[in-house]
Amino acid sequence: MRTNVVLAAGGTAGHVNPMLATARALQELDPDIAVTAVGTESGLEARLVPQAGVELAFIERVPMPRALNRSALAFPRNFRMAVAQAGQILDRTHAQVVIGFGGYVSTPVYLAARRRHLPVVVHEGNARPGLANKLAARFAAAVALTFSNTRLAARRGRTETIGLPMREAIVKLAQADGGRRSLAAQAGKQLGIAPEKPVLVVTGGSQGAQHINEVVSRCAQQLCDAGIQVLHLTGVGKDEPVRAAVESAGGTYVVLDYLEQIELAYALADMVITRAGAGMVAEVSALGIPAVFVPFPIGNGEQALNAHDVVAAGGALLVKNENFTESWITDQVLPLFEQGKLEQMAGAAQSVSAMDAAQRLAQIALEVAREEVAR
């Protein structure tokens, strides 16, 4: 009997990429499976999901209102419409199980599945769970976590820590003969970096992180004098001030505003300085790359929690945004290169982040679907 699975995620790469990784794993486990993703027309999924060859169905985008305004007044009606649309998708696809990754797309799908008594599997990417997944955990058949310190559990089902479903490019890098370093020569040639010398990768993600950009670029001379090459990914449109700041450093300091093939940077990196989004923490840890995590200073503190496990294991350093200064880099980062501690950190990092999360999540969902059919 053919299994029909509906995946719900949307809005950001942090939700969409794990969803696509899981879709791929489902298809590998069962070539006859029918997989449908649910998203919105304005989200990143509208482009990425069709590119991956996965069927995509749309519902209305109905984010939770943050203030009492016209959108808030229209929210109840619009939300009911989104739940109805989600229900129609579940009915049309003959869904047997729903896998949700949180966010505003997932909530209507969770509720539509509950009304139809369909089993729900929740994947929570962050250490601090969002509202959608907190709601679904009350009736989910299973909850899968990226981080062991996440306070979320299925009230009636099973709860497992499995890690984050990884993008195919990251999995291929990890599984390459000789590991990620086997691609360092190719990456170095492409980026103008000598793979046999130490490399520090700096990135604040696609949007960049201005404070990280400013602090590291002011340390350009010290880093180059220490024989450390720098690959600095500034964020789109934020490269010119960094280029100006490092122009006279004298060593190898490569500045790019964005690198679509981030795996090239990972292949070269001896250390990464970055924010602590769930995807970044999981990827660099799974690849065994020592890191300095500088959590985003605004929000609910989830980024510091994301980094907790790998920092506790000794695979990374954590520093508050306001404490991340030139002197901190001099005192904390440079000695790691000089004292040969990075190899030890790499092993510690790799021990806390699994590479097979997509396969494990797919297996959980298939087991849940088969249990439901057997009832």
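Begin by selecting Q229, which has its place in strand β9, residues 229–233; strands (E, at least two residues) and helices (H or I, at least four residues) are DSSP runs numbered from the N terminus. The model is predicted, with local features needing pLDDT of at least 70 and side-chain atom pairs counting only at pLDDT 80 or more, while totals for chains, interfaces and linings use all residues. Residues are numbered from 1 along each chain as its sequence is written, and side-chain values use heavy atoms, with hydrogens and water left out.

Is Q229 buried or exposed? Q229 is buried, at a relative accessible area of 5%, where buried means under 20%, exposed over 50% and partly exposed in between, with a 1.4 Å probe and protein chains only. Now show its surroundings: leaving aside residues up to four places away in sequence, Q229 touches I193, A194, K197, P198, V199, L200 and T252, contact meaning heavy atoms within 4.5 Å. Within that group, pick A194, whose backbone oxygen lies 2.7 Å from a polar atom of the Q229 side chain.

Next, select the open sheet, in which seven strands with parallel pairing follow the order β3-β2-β1-β4-β5-β6-β7; two strands pair if DSSP finds at least two bridges between them. Its edge strands, each pairing on one side only, are β3 (55–58) and β7 (158–161).

Zoom in on β2, residues 34–39, which pairs with β3 in the parallel sense over four bridges, and find G39 standing opposite F58 in β3.

Finally, select helix α3, residues 70–93, which lies across β1 (4–8), β2, β3 and β4 (97–100). This helix runs at about 145 degrees to β3, with axes fitted to C-alpha atoms, for helices over the stretch in contact, and angles running from 0 to 180 degrees between N-to-C directions.

Terms used. Polar contact = N/O pair within 3.5 Å; in protein donor to acceptor, adjacent residues only side chain to side chain.
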